[in-house]
Protein chains: 2
Amino acid sequence: RLMLSSQRIPELSSFVARTNTCGELRSSHLGQEVTLCGWIQYRRQNIFLVLRDFHGLVQVVIPQDESAASVKKILCEAPMESVVQVSGTVISRPPGQENPKMPTGEIEIKVKSAQLLNTCKKLPFEIKDFVKGAKEFVIPSREPGKFYCLPQSPQQFKQLLMVGGLDRYFQVARCYRDEGSRPDRQPEFTQIDIEMSFVDQFGIRSLIEGLLQYSWPSDKDPVVVPFPSMTFAEALASYGTDKPDTRFGMKIVDISDVFRNTKVGFLQDALSKPQGTVKAICISEGAKYLKRKDIESLRKLAADHFNQEVLPVFPKANRNWNSPVAKSIMEEQRSELIRLMEIQEDGVVLLTAGEHRKACSVLGKLRLECADLLEARGLVLRDPALFSFLWVVDFPLFLPKEENPGELESAHHPFTAPHPSDIHLLHTEPKQVRSQHYDLVLNGNEIGGGSIRIHDAELQRYILATLLKEDVKLLSHLLQALDFGAPPHGGIALGLDRLICLVTGAPSIRDVIAFPKSFRGHDLMSNAPDSLPPEELKPYHIQVSWPADSE
Amino acid sequence: RLMLSSQRIPELSSFVARTNTCGELRSSHLGQEVTLCGWIQYRRQNIFLVLRDFHGLVQVVIPQDESAASVKKILCEAPMESVVQVSGTVISRPPGQENPKMPTGEIEIKVKSAQLLNTCKKLPFEIKDFVKGAKEFVIPSREPGKFYCLPQSPQQFKQLLMVGGLDRYFQVARCYRDEGSRPDRQPEFTQIDIEMSFVDQFGIRSLIEGLLQYSWPSDKDPVVVPFPSMTFAEALASYGTDKPDTRFGMKIVDISDVFRNTKVGFLQDALSKPQGTVKAICISEGAKYLKRKDIESLRKLAADHFNQEVLPVFPKANRNWNSPVAKSIMEEQRSELIRLMEIQEDGVVLLTAGEHRKACSVLGKLRLECADLLEARGLVLRDPALFSFLWVVDFPLFLPKEENPGELESAHHPFTAPHPSDIHLLHTEPKQVRSQHYDLVLNGNEIGGGSIRIHDAELQRYILATLLKEDVKLLSHLLQALDFGAPPHGGIALGLDRLICLVTGAPSIRDVIAFPKSFRGHDLMSNAPDSLPPEELKPYHIQVSWPADSE
């Protein structure tokens with residue numbers, strides 16, 4: 001950022017809700033209609049405002065005529081350092097009123113419309129304790145009993161940079177997470193971390209699409225933008241997951257209506273419940289490529305991991321290992337199934353019943369298992385040259401807590417902004433509120449995620465204290481920052497190791513990291529973690545607590 | 001690296017000792033004279049070699065005629081996995097001998113000359129303990145008594161990547177150093193870290209010059225390349241430092257010969273000793289701009305910090321606060337001084353005597369102090385728009401240990417290669433050996449440094465064990481790696497924070513770091529380091545050792 005020059009400044013308004021930066025307007029812009037975002041630096045007698053952004057200052061003329069009373073009200077009543085968006089025309093300052101000391105001093109903005117983006121409380125504010133949660137590696141310092149910690153991600157820091165007016169932030173960030181031993185996770189990994197002010201979801205998405213298109217290896221097929229997008233609800237209903245692999249079909253179909261009058265016991269049971277559904281996927285050529293033991297292993301997987309019964313049906317094939325239960329499916333249901341699911345010769349249907357989310361999840365898992373099985377038999381479902389990017393959007397803002405489903409927790413993190421269409425539901429049906437979170441999925445793997453953040457302190461306080469029952473003191477530094485003129489902002493982080501792993505077709509992210517840690521978190525090259533003599537711990541005022549049963 | 005495509009491969013031979021990579025040669029290169037570097041993958045009946053680098057394989061024809069006996073000897077006697085450089089002509093393989101499975105299978109290299117760059121011991125090798133020195137932050141792990149540490153720099157890791165055949169490495173690396181409280185040092189900082197195989201000093205220097213030229217802010221005067229270079233000996237003699245600010249003159253001049261017959265006591269004393277010298281700088285317009293108390297404060301600085309006497313002389317000005325000692329300088333010496341130092345009206349000479357290095361150091365310090373004083377009086381010596389890059393080269397490889405001057409320590413780090421012209425001195429006069437280290441200096445600040453590294457295990461062992469008296473076991477992983485076909489390699493690291501600080505004219509690197517630590521190493525935003533409850537330390541098997549006198 002610090003190196004950007006005047007020649008490049010026009011690019012700085014890409015992706016965001018302005019046409020120009022405050023600092024770039026000159027006489028050459030006279031007559032242009034512009035939209036600016038910034039902080040109120042100064043106001044003179046309710047006639048002029050000086051608007052400031054990261055790139056400079058510009059004078060704004062507040063309209064005085066009756067018809068623009070609402071615009072005048074916004075601009076005159078907003079406290080200093082509040083964040084506003086103004087639209088208007090670039091005009092010359094009257095002769096003699098030019099300010100030669102100001103780069104934009106020959107012009108001013110005749111405002112037609114204005115929007116208050118955030119109000120600012122009285123400055124200054126004090127930064128309080130920032131206590132860290134679990135799973136962060138701790139580093140003893142030379143002060144007795146005091147520890148640093150390694151950040152899990154720069155999330156709060158980058159939001160504070162936006163509050164500080166930094167406009168845009170881009171970092172190749174090293175992140176550290178102590179997750180114990182988890183396969184294909186590394187305690188140290190790298191993300192491309194981005195945050196922007198005055199941006200919406202589509203701005204962030206375009207930026208990322210352009211970035212991937214630009215940096216894509218030229219020996220692969222070019223990336224086509226924009227990437228398709230899918231709501232979380234559709235991803236769950238059709239693919240049984242929030243990270244659908246859209247390289248192949250085999251989508252989940254709701255076939256509840258076909259079985260309203262079924263005699264099959266477990267379908268009958270499911271449909272008699274208020275949220276009951278019957279769902280299915282169709283494996284094309286399944287009867288040709290899958291063996292009886294394949295189908296049995298799929299049913300066992302569903303039973304063992306999801307406690308779900310799965311019924312294989314061969315609507316067009318006569319196979320002697322057909323399930324006996326399937327025989328009680330009537331001819332009428334069979335033909336309706338064939339019609340609804342467009343089943344061809346040798347198609348196999350896997351059918352399950354139960355509550356929507358659960359039925360979809362099990363079929364989503366079976367869908368991927370089937371793809372593996374069919375590809376092991378020589379069919380190609382997923383072209384290795386195909387890179388299928390997908391935005392998944394409109395996630396729920398909250399989920400019921402696992403340990404106490406009566407309470408809510410954030411589906412992603414508590415700074416995620418609610419979907420503008422659902423804000424009215426926050427007070428009445430918070431579970432129904434969708435968020436402005438978005439995930440980027442590549443070939444069924446989540447490679448990034450981000451959101452538009454809450455910039456309104458009251459909303460953030462309500463969500464933290466009332467809905468999530470969090471101790472707001474722990475996040476008071478962020479809440480206070482929002483109170484003092486935080487701009488609307490949002491961002492994203494891409495997992496660089498996982499992205500490179502997928503692009504190169506490597507089997508594990510450990511293959512694209514220079515000195516990867518083992519499953520147990522060991523660096524085999526440097527033999528870390530390693531013992532240290534007590535005298536090396538002394539400057540850090542710590543000693544080892546040896547377990548009582550250690551040898 | 002992983003993203004590089006075939007279209008870009010030609011660029012991969014810039015800066016290094018080859019014309020092409022092994023993997024890129026095709027029939028279109030027939031007849032071209034090429035130079036390749038790589039590892040011996042395979043040898044067939046002393047007639048053919050397969051040479052491998054990071055980019056692929058190529059077949060090399062070993063010459064069989066008597067006149068090329070020495071080339072044949074090198075290529076046939078080198079163990080497998082040894083590193084060689086070969087030059088020769090790209091020729092067609094004889095009809096029927098093409099290998100369609102090999103991208104370079106239509107051609108082979110008719111070799112004219114060859115050089116063994118490194119031999120390889122029998123593979124494989126085992127990686128031993130990698131014990132870390134002081135000043136690294138330690139991180140307790142979930143294994144009792146075992147600690148990770150945060151790397152001070154990726155030095156050894158990047159060298160191992162070169163040994164692993166990675167060809168080129170580039171990282172924006174976060175480094176961590178526990179240096180306690182030091183002004184303008186940050187415990188966490190960022191460097192641009194680079195390492196390349198088959199490169200020499202000039203290759204690294206061109207790469208950095210191009211990088212700075214390319215990324216230079218366009219609102220400043222363009223960077224002119226190549227940057228000038230200066231030996232360490234000249235930097236010391238003319239500027240009294242290894243990081244000269246070349247934006248202004250006021251160079252140190254050796255005036256020993258002028259004072260051979262002096263009556264001034266302290267000059268006489270100094271010159272009577274075998275290493276004795278008399279040195280001076282001339283402050284143009286000093287008599288006009290500097291006050292008596294300025295000169296006195298300069299003399300006091302020299303006395304307090306260097307224990308050196310400094311004599312001000314006004315060869316052309318009559319000033320009543322002239323030093324009484326200066327009056328005993330004879331007229332003949334005065335006119336010789338004016339001639340030698342090209343002294344103008346109002347020029348003031350600061351003169352000192354003693355051993356070369358010490359006399360230069362004190363005058364180097366006074367030179368910068370004088371510049372500050374003159375600029376405080378309104379003269380402009382250092383144009384704020386001027387960015388004066390300088391390579392400082394030919395450093396000594398070793399320095400006498402401060403605590404025991406009879407022993408040697410590395411001037412930089414023990415992996416630095418000796419200057420090729422001085423290798424014969426390693427066994428006889430190691431103190432005289434110059435290194436292949438280079439520093440990049442900008443306006444008197446060191447912004448980067450690097451070196452060509454030792455790739456010969458025997459040489460590395462001799463330097464570590466015999467000259468530096470180090471315990472080679474602690475570095476056995478690196479020594480073993482060098483034994484198994486390490487390519488010649490070298491690199492550099494630029495301090496990104498300091499570079500940006502200088503480019504932007506910020507007074508401190510804390511002004512160009514997002515959340516800088518205070519002098520005491522505190523992050524005021526997040527209040528780190530901070531206390532942790534004992535239960536959060538429990539998973540890491542540590543407890544705080546409270547000092548006995550703590551309150």
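Predicted model: local features only at pLDDT ≥ 70, side-chain atom pairs only at ≥ 80, totals over all residues.

Colleague: Okay, how many helices and strands does chain A have?

Modeller: Chain A has 13 helices and 22 strands. Those are DSSP runs numbered from the N terminus, with helices being H or I of at least four residues and strands being E of at least two.

Colleague: And what does the C-alpha trace of chain A span?

Modeller: About 95 × 70 × 50 Å along its principal axes. Buried residues are 53% of the 551 in chain A; buried means under 20% relative accessible area, exposed over 50%, and partly exposed in between, using a 1.4 Å probe and protein chains only.

Colleague: Which domains does the assignment give for chain A?

Modeller: It gives domain 1 (6-118), domain 2 (148-225 + 383-551) and domain 3 (248-376). The bounds come from an automatic or database domain assignment. In chain A, the C-alpha centres of domain 2 and domain 3 lie 36 Å apart.

Colleague: Let's zoom in. Which residues of helix α4 of chain A are buried?

Modeller: Helix α4 covers residues 232-239, and its buried ones are A:Phe232, A:Ala235, A:Leu236, A:Ser238 and A:Tyr239. An α-helix has 3.6 residues a turn, so residues three or four places apart point the same way.

Colleague: What do those buried residues pack against?

Modeller: In chain A, they pack against β10 (229-231), α9 (356-376) and β15 (389-393). Contact here means heavy atoms within 4.5 Å. Just after α4(A), A:Gly240 takes a positive phi of about 70°.

Colleague: Switching to chain B: is strand β18 mostly covered or mostly open?

Modeller: Mostly covered: β18(B), residues 437-442, has six of its six residues buried. On one side sit B:His437, B:Asp439 and B:Val441, and on the other B:Tyr438, B:Leu440 and B:Leu442, all buried. In a regular strand the side chains alternate between the two faces of the sheet.

Colleague: Which strands does β18(B) pair with?

Modeller: One is β15 of chain B (residues 389-393), antiparallel over five bridges. Another is β19 of chain B (residues 445-452), also antiparallel, joined by six bridges. Two strands pair if DSSP finds at least two bridges between them.

Colleague: What about the hairpin of β18(B) and β19(B)?

Modeller: There are two residues between the strands, and B:Asn443 takes a positive phi near 50° there.

Colleague: Now a loop residue. Is B:Lys263 buried or exposed?

Modeller: B:Lys263 is exposed, with a relative accessible area of 60%. B:Lys263 is in the loop between β11 (253-254) and α5 (265-272) of chain B. From B:Lys72, B:Lys263 is 191 residues away in sequence and 70 Å away in space, C-alpha to C-alpha.

Colleague: And where is A:Glu429?

Modeller: A:Glu429 is in the loop between β17 (408-410) and β18 (437-442) of chain A. A:Glu429 counts as partly exposed because its relative accessible area is 43%.

Technical notes
Residues numbered from 1 in each chain as written. Chains lettered and ligands numbered in written order. Heavy atoms only, no water.
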